[in-house]
Structures are given as structure tokens and as C-alpha cells.
Amino acid sequence: MSGLSTRVVQKVSTLIEKNTNPVVNSAVRYFNFWKENGTKKFLYNYYMYSDAKVGRLVGTDANGVKYFENIDDVLGKTRWMENPKGYKFDVTTISPEWHAWAHYVNDIPGHKVLQGYSSKWVVPREINQTGTSKAYSPPGYILNKAYKKPQTNFEEWTPKPPTN
């Protein structure tokens, strides 16, 4: 950054830090995010998540979803997740081991919960496939590619037109 832009950033940062107005606090959060991550990531996060937050990385799950926390943020909005690039937000992307932490049920991060459980019967989790070519469609379902119209061994009845 040039000397002028650095001084502007420092001046705006000091002015904003002193204010307790919630609207200004949102502006502070957006400004800090932009300052730390740049314009491209700010616009991407605002488009994907309708918000831009800064916080500490708590952990990452097997699908690449990153979990963050910022205890200085608004109560109830201190924990959030970011999907890997290319994924749209879907609630099923929260893995079971991270679910309790993300919903404030407990303070144990998912990677620590996972250490306590190792069963042979546990199947690797997949993200919801609804709306994709991998989606489940039961046999006999009309939209199933293998669907065949049921065979009929009878002749359909059609009523005779009324005679006058």
C-alpha cells in the first residue's frame, strides 16, 4: 500500500474502533475483512454468505469445510463455516461431529469429538446429492431412468356417448 492509503486505513480503523453503534460495527467487520483479505475475497464471501467475517480457524472437516469462531461478534453469530470453493451453502455440509459445536450445544470442536469415536460400522459421510445425477431415486419412481410403464393385461373402459 502507498503511504497515503496506509494512513487512511489507520485513521478509519481508529475512528471505527471507538464506536459502539451496531451499524458501524457491521461496517467495522466489513472493513477489517476487506483490509485482511482483499477485494476479491470480500466480494466472494459477501456473494456466497451475505456476510464477511473475520475470526480464528477452529478446524476443518473431511469435506474441506472450514469452521471459524470470533467471540467478539454479535451473540449467536460467533461461529460460522465456509464451504470449499465450488460448493453452494447447504446445511447438510455440516458434518455430524461439528454439528453440536456449530449450533452452540457444546464447546468441543469436531476434530476433538472425532478422536473419541472410531467404529468399524461408521460409513464415510457424503454431502446431500439431491438435485444431482447421484441423487437416489427408488425403483418405480417416474423420474428414474430405469422406470418402465407398468404392463396392463386388461382393456381400458371408455364410456359410450349418451344417446338421445
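Buried means under 20% relative accessible area, exposed means over 50%, and partly exposed lies in between. Y104 has 36% relative accessibility, so Y104 counts as partly exposed. The structure is a predicted model. The protein chain has five helices and three strands.

**The chain as a whole**

- Along the sequence, the elements follow the pattern α-α-α-β-β-β-α-α.
- The protein chain has 164 residues, and 24% of them are buried.
- The accessible surface of the protein chain is about 13300 Å². Carbon and sulfur atoms own 58% of that surface.

- Strand β1 covers residues 56–60, and strand β2 covers residues 66–69. These two strands run antiparallel and are joined by four bridges.
- β1 and β2 form a hairpin, with five residues between them.
- G64 sits in the turn of this hairpin and has a positive phi of about 90°.
- Strand β3 covers residues 79–82. β3 also pairs with β2 through four bridges, and the two run antiparallel.
- K66 in β2 is the bridge partner of T60. K66 also has a bridge partner in β3, namely E82.
- R56 stands opposite E69 in β2.
- In a regular strand, side chains alternate between the two faces of the sheet.

**The salt bridges**

- How many salt bridges does the structure hold? The count is three.
- E69 and R56 meet through their side chains in a salt bridge, at 3.0 Å from N to O. E69 lies in strand β2 and R56 in strand β1, so this pair ties together parts that are 13 residues apart in sequence.
- R79 and E69 also form a side-chain salt bridge, at 3.2 Å from N to O. R79 lies in strand β3 and E69 in strand β2, so this pair ties together parts ten residues apart in sequence.
- R79 and D107 form a salt bridge too, at 2.6 Å from N to O. This pair links distant parts of the chain: R79 is in strand β3, D107 is in the loop between α4 and α5, and 28 residues separate them.
- Through shared partners, the salt bridges join R56, E69, R79 and D107 into one network.

- Is E69 buried or exposed? E69 has 13% relative accessibility, which is under the 20% cut-off, so E69 is buried.
- R79 has a relative accessible area of 12%, so R79 counts as buried as well.
- The salt bridge between R79 and E69 therefore has two buried partners.
- D107 has 62% relative accessibility, which is over the 50% cut-off, so D107 is exposed.

**The nonpolar core**

- In soluble globular proteins, nonpolar side chains tend to be buried together.
- Which residues make up the largest nonpolar core? There are eight: V58, V65, Y67, M81, I94, W98, W101 and A102.
- Helix α4 gives the largest share of this core, with three residues.
- Y67 is one of the core residues. Leaving aside neighbours within four places in sequence, Y67 is in contact with residues that include V58, M81, I94, W98 and W101.

**Y104 and its loop**

- Y104 lies in the loop between α4, which covers residues 96–102, and α5.
- What is the phi of Y104? Phi is near 60°, a positive value in a residue other than glycine.
- Most residues other than glycine have a negative phi.

- Y141, I142 and L143 make a nonpolar surface patch of about 360 Å².
- L143 is in the segment after α5, the helix at residues 110–115.
- L143 has 65% relative accessibility, so L143 counts as exposed.

Key
Residues are numbered from 1 along each chain as its sequence is written. This is a predicted model: local features need pLDDT of at least 70, side-chain atom pairs count only at pLDDT 80 or more; totals for chains, interfaces and linings use all residues. Side-chain values use heavy atoms; hydrogens and water are left out. Patches are made of residues with over 30% relative accessible area and no salt bridge: like charges are joined within 9 Å, nonpolar side chains (Val, Leu, Ile, Met, Phe, Trp, Tyr) within 5 Å. Accessible areas come from the Shrake-Rupley method with a 1.4 Å probe; for residues, only the protein chains shown count as cover. A salt bridge is a side-chain nitrogen of Lys or Arg within 4 Å of a carboxyl oxygen of Asp or Glu. Buried means under 20% relative accessible area, exposed over 50%, partly exposed in between (1.4 Å probe, protein chains only). Two strands pair if DSSP finds at least two bridges between them. A nonpolar core is a set of buried Ala, Val, Leu, Ile, Met, Phe, Trp, Tyr and Cys residues joined through side-chain atoms within 4.5 Å. Contact means heavy atoms within 4.5 Å.
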